[in-house]
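The exercises below are meant to be worked through with the sequence and the model side by side. Try each task before reading the solution that follows it.

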Amino acid sequence: MSDREKLRWQGDLALIAEAAREAGAVAFGFFNQSPEVWWKNDDRSPVSAADFAANKTLESILRKARPDYGWLSEETDDDADRLGLETLFIIDPIDGTRAFLGGQKVWCVSVAVVHAGRPVAGVLYAPALEELYEAVEGGPALKNGVPITVSAALPEEMRRLAIGEDLLKTFPPAFRERVRREKYIPSLAYRIAMVADGRLDGTFVKGNSHDWDLAAADLILACAGGCLVDLDGNPIVYNRAEVTHKVLCAAPAPRIDEFLAAFAGRRDS
C-alpha cells in the first residue's frame, strides 16, 4: 500500500468515525422510545424509524463528502451502479435492530469503506455501550482509542464460542467438551468485534449474512489478529452482485484451521 493510499484511508476513517457517531446519536434518540416499526423480507425482519433516520444521517454526511464513492446500505434500495465502482461505503445504520427495539444495549452503527472488494476502513459505534471500534488497513484495531487483540488462548484451553446449541451438538465430542457457549449476542457485527477484542475465541456465522453486517467488523477483526473466512478458509469479497454469504467462521488467525476442521468433522457433514 502506497503512502498516498494510507493517507486516503486514514482520512476516510476519520470521516466515517465522525459520521457513525452522529448517526449513533440520532439512533440513540429513539432508543427506548417505541419508534414506529415496519416489517420487510416477507415480514421476517423489523426496520424502525430509527434505522431510517440513522441511514439518512450517514447518507447526507458521507455522500456529500465522497460523491465519487458507491453506496450499499441495508436501508437504501440497491443501485447496481456500485458494481462499476472500485470504492464504496457499506453501511448498516443499526446492526441489531431487534435488540434495539427490545431495549437491549448490544446494537451498533456499522460503516466501512471497501476498495477492490475488501474493507480498508471500518467503524462500529455502539452508543448505548459507549464503545467505538475502528480500524484502517495496515493499522491497529482500536476500541475507544486503545489497541485490541484477539485471544491468545492455546488450542488445549477452553474455547469461548458464540455458537447455537443445536449446531454445537453436531461437533466432534473432543471439540465440544472444551467449549463454553456464550449467551446469544443479537448484533452480528458486535459479536465479531468481541472476537477482535478477545472476549470470544470464535464464532460461526449462519448462512445469509450480508455485506453490511460484516464489512466493518471484518477489518477490525483482521487488524486485531483474526480472520473472517468461509468454510474453505477464503476471505470475503465485498461489492458483488450477490451480497449474501454462506456459513462463515471468525477466529484468531492461529486458531482458524482448528475451528474449520471441527466444523468439517460434524456428524451431519
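Helices (H or I, at least four residues) and strands (E, at least two) are DSSP runs, numbered from the N terminus. The model is a predicted one, in which local features need pLDDT of at least 70 and side-chain atom pairs count only at pLDDT 80 or more, while totals for chains, interfaces and linings use all residues. Residues are numbered from 1 along each chain as its sequence is written, and side-chain values use heavy atoms, with hydrogens and water left out.

**Exercise 1.** Find the strand in which Val-37 lies, and decide how exposed Val-37 is.

Solution. Begin with the position: Val-37 belongs to strand S1, which covers residues 37-40. Next apply the classes, where buried means under 20% relative accessible area, exposed over 50%, and partly exposed in between (1.4 Å probe, protein chains only). Because its relative accessible area is 32%, Val-37 is partly exposed.

**Exercise 2.** Which residues have the most contacts inside the largest nonpolar core, and which element gives the most to this core?

Solution. A nonpolar core is a set of buried Ala, Val, Leu, Ile, Met, Phe, Trp, Tyr and Cys residues joined through side-chain atoms within 4.5 Å. The largest one has 41 residues, and those with the most contacts inside it are Ile-90, Leu-124, Leu-214, Ile-220, Leu-221, Leu-228 and Tyr-238. Among the elements that each supply at least two residues of this core are strand S4 (87-95), strand S6 (118-126) and helix H7 (211-223). H7 gives the most, with nine residues. Apart from this core lies another, of 31 residues, including Ala-50 and Phe-100.

**Exercise 3.** Locate the partners of the salt bridge between Arg-66 and Asp-12, and state whether each is buried or partly exposed.

Solution. Side chains of opposite charge can pair when their charged atoms come close. The rule for a salt bridge asks for a side-chain nitrogen of Lys or Arg within 4 Å of a carboxyl oxygen of Asp or Glu, and by this rule the count comes to twelve. In the pair of Arg-66 and Asp-12, the closest N and O atoms are 2.8 Å apart. Arg-66 sits in the loop between helix H2 (49-65) and strand S3 (70-73), whereas Asp-12 is in helix H1 (residues 3-28), 54 residues apart. Arg-66 counts as partly exposed at 22% relative accessibility, while Asp-12, at 1%, counts as buried.
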